[in-house]
Amino acid sequence: MTKRVYLIGFMGSGKSTMGRWLADTMKDWSFIDLDTFIENKYHQTIPDIFAEKGEDGFRKMEAACLKEVSSFENVIVGAGGGTPCFFDNMEVMNETGLTIYLQLTPQDTYDRLQTSKNPRPLIDGMEGQKLVDFITQKLSERESFYKKAQIIADAKNWEVKDYIKLIGK
Ligand code: S3P
């Protein structure tokens, strides 16, 4: 029985929402949002980390925090959108738990980002076609990493029960 489930996918794909629902359904499991874990550990918001240390600095902190949570038990971890694409993060996740890629089209990702209020430095100030183009481009760069996941979920249609069936609880 797996002790960790990692939800990966682009910003806005629903990792945190689904992660919380899953942890609520799976008795004695908890949800860890990797961004929130980073913010709590370093006492700084994600936008402040990007502003002060740049993306490179953020990625190092993110990888260190991922290693830390990869030893926790009975956790659903919501990774950041870029987590699988840096260092050996994808291998760490695949070796220590079940990885699920929440796949969405660029247009569905765009639609979901419209209703999300999380501050995201990479898309700060972007809207309309510029944001659709950015998502399309970034997603095509990132898909080969995301597709290393053990399971690919249709994030638009899958419900909690579909994930639970695969997790084996
Ligand atoms: C990022 C996604 C964010 C956060 C950071 C960078 C990315 O997480 O880690 O802003 O590179 O896609 P969410 O996917 O939870 O928004």
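**Aromatic pairs and the ligand site**

Four aromatic pairs are counted in this predicted model, where rings of Phe, Tyr and Trp (its six-membered ring) pair if their centres lie within 6.5 Å, with planes under 30 degrees apart counted as stacked, over 60 as edge-to-face and the rest as tilted. The pair formed by F37 and F72 is edge-to-face, because the ring centres are 6.0 Å apart and the planes meet at 65°. This pair links distant parts of the chain, 35 residues apart: F37 belongs to helix α2 (residues 34-42), and F72 to the loop between α3 and β3 (75-78). Helices (H or I, at least four residues) and strands (E, at least two) are DSSP runs, numbered from the N terminus.

Residues are numbered from 1 along each chain as its sequence is written. Local features need pLDDT of at least 70 and side-chain atom pairs pLDDT 80 or more, while totals for chains, interfaces and linings use all residues, and side-chain values use heavy atoms, without hydrogens and water.

Polar contacts are pairs of N or O atoms within 3.5 Å. A polar side-chain atom of K15 lies 2.5 Å from a ligand oxygen, and an N or O atom in the side chain of R142 lies 2.7 Å from a ligand oxygen.

Definitions and conventions: A polar contact is a pair of N or O atoms within 3.5 Å; within protein, one must be able to donate a hydrogen and the other to accept it, and residues adjacent in sequence count only if both atoms are side-chain atoms.
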